[in-house]
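Visitor: I'm new here and would like a walk through this one. Could you take my questions as they come?

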Amino acid sequence: SGRYWFECDCQACREDWPLLMENSKIVWKGDENMSALEDLDTIYDCGSDFMEHGQGKDAAESLTEYINEVSKLIDPPLETVIRAQDKLRTCFNDMGTVLFQDTALKINPQEKR
């Protein structure tokens with residue numbers, strides 16, 4: 001923390017998580033259920049595919065489902081969950097404040113091009 005001008009209190013810093021690429025150890029909340037986790041990995045893959053094809057809304061739905069369901073099975077950290085959260089953040093940013101000029105002209109016809 002001497003390197004930064006603030007004290008970080010995020011979950012990763014408080015719990016001293018390993019680096020992202022080293023975050024592959026699964027800590028189960030209950031009984032181990034690899035088949036459920038593998039099924040959820042398919043949902044994550046679908047979300048990633050939706051993103052690659054510009055289907056932000058579908059991607060956000062898949063990634064949200066993946067994150068919510070995985071969080072019921074395992075404790076953080078896990079690399080794929082962190083990557084899914086980052087992809088979901090990208091989806092929300094992409095769906096953010098986009099204003100098309102034609103739309104603005106329909107709302108405010110006096111606005112000049």
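Guide: What follows is a set of questions and answers about this predicted model.

Visitor: I'd like to look at helix α4. How far apart are its end C-alpha atoms?
Guide: Helix α4 covers residues 79–94, which is 16 residues. At 1.5 Å a residue, that should span 22 Å. The distance in the model agrees with this, because the end C-alpha atoms are 23 Å apart.

Visitor: Which elements are included in what covers the buried residues of α4?
Guide: First, the residues themselves: E79, V81, A84, L88 and C91 are the buried ones in α4. In general, an α-helix has 3.6 residues a turn, so residues three or four places apart point the same way. The cover over the buried residues of α4 includes α2, α3 and β2 (74–75).

Visitor: Are α3 and α4 roughly parallel or roughly antiparallel to each other?
Guide: Their axes are 9 Å apart, and the two helices pack at an angle of about 150°. An angle over 145 degrees is the cut-off here. The crossing of α3 and α4 is also left-handed. By the angle, α3 and α4 are therefore roughly antiparallel.

Visitor: Which residues of α4 meet α3?
Guide: On the α3 side, the residues taking part are G56, A59, A60, L63, T64, Y66, I67 and V70. Their partners in α4 are T80, V81, A84, Q85, K87, L88, C91 and F92.

Visitor: And how about α2: is it roughly parallel or roughly antiparallel to α4?
Guide: Here the helices pack at an angle of about 30°, and their axes are 11 Å apart. That angle makes α2 and α4 roughly parallel.

Visitor: Which residues in α2 meet α4?
Guide: The crossing of α2 and α4 is left-handed. On the α4 side, the contacts involve T80, R83, A84, K87, T90 and C91. Across from them, the α2 residues are Y44, S48 and M51.

Visitor: Now for the rings. Is the pair of Y44 and Y66 stacked, edge-to-face or tilted?
Guide: The count comes to one aromatic pair. The ring centres of Y44 and Y66 are 5.2 Å apart, with the planes at 45°, so the pair is tilted.

Visitor: How many residues apart in sequence are the parts that this pair ties together?
Guide: Both Y44 and Y66 are buried. Y44 lies in helix α2 (residues 34–52), while Y66 lies in helix α3 (residues 56–73). The pair therefore ties together parts whose separation in sequence is 22 residues.

Visitor: Which residues does S62 touch, not counting those up to four places away in sequence?
Guide: S62 has its place in helix α3. Its relative accessibility is 11%, so S62 counts as buried. Leaving out residues up to four places away, S62 touches I43, C46, G47 and F50.

Visitor: What about N23: how far is its C-alpha atom from that of P76?
Guide: N23 sits in the loop between α1 (11–14) and β1 (27–28), and with 3% relative accessibility N23 counts as buried. Not counting residues up to four places away, N23 touches P18, P77, L78, E79 and I82. N23 and P76 are 53 residues apart along the chain, and their C-alpha atoms are separated by 9.0 Å.

Visitor: Is the peptide bond from P76 to P77 cis or trans?
Guide: P77 is found in the loop between β2 and α4. The bond from P76 to P77 has omega near 0°, and it is cis.

Visitor: One last stop: is D16 buried or exposed?
Guide: D16 is in the loop between α1 and β1. D16 has a positive phi of about 50°, although it is not a glycine. Its relative accessible area is 65%, so D16 is exposed.

Methods
Residues numbered from 1 in each chain as written. Predicted model: local features only at pLDDT ≥ 70, side-chain atom pairs only at ≥ 80, totals over all residues. Heavy atoms only, no water. Phe/Tyr/Trp six-rings, centres within 6.5 Å; stacked < 30°, edge-to-face > 60°. Helix = DSSP H or I, 4+ residues; strand = E, 2+ residues; numbered from the N terminus. Buried < 20%, exposed > 50% of the residue type's maximum accessible area, 1.4 Å probe, protein only. Expected span 1.5 Å × (residues − 1). Contact = heavy atoms within 4.5 Å. Axes fitted to C-alpha atoms, helices over the stretch in contact; angles between N-to-C directions. Parallel < 35°, antiparallel > 145°, perpendicular 65-115°, else oblique. Left-handed = near helix turned anticlockwise from the far one by under 90°.
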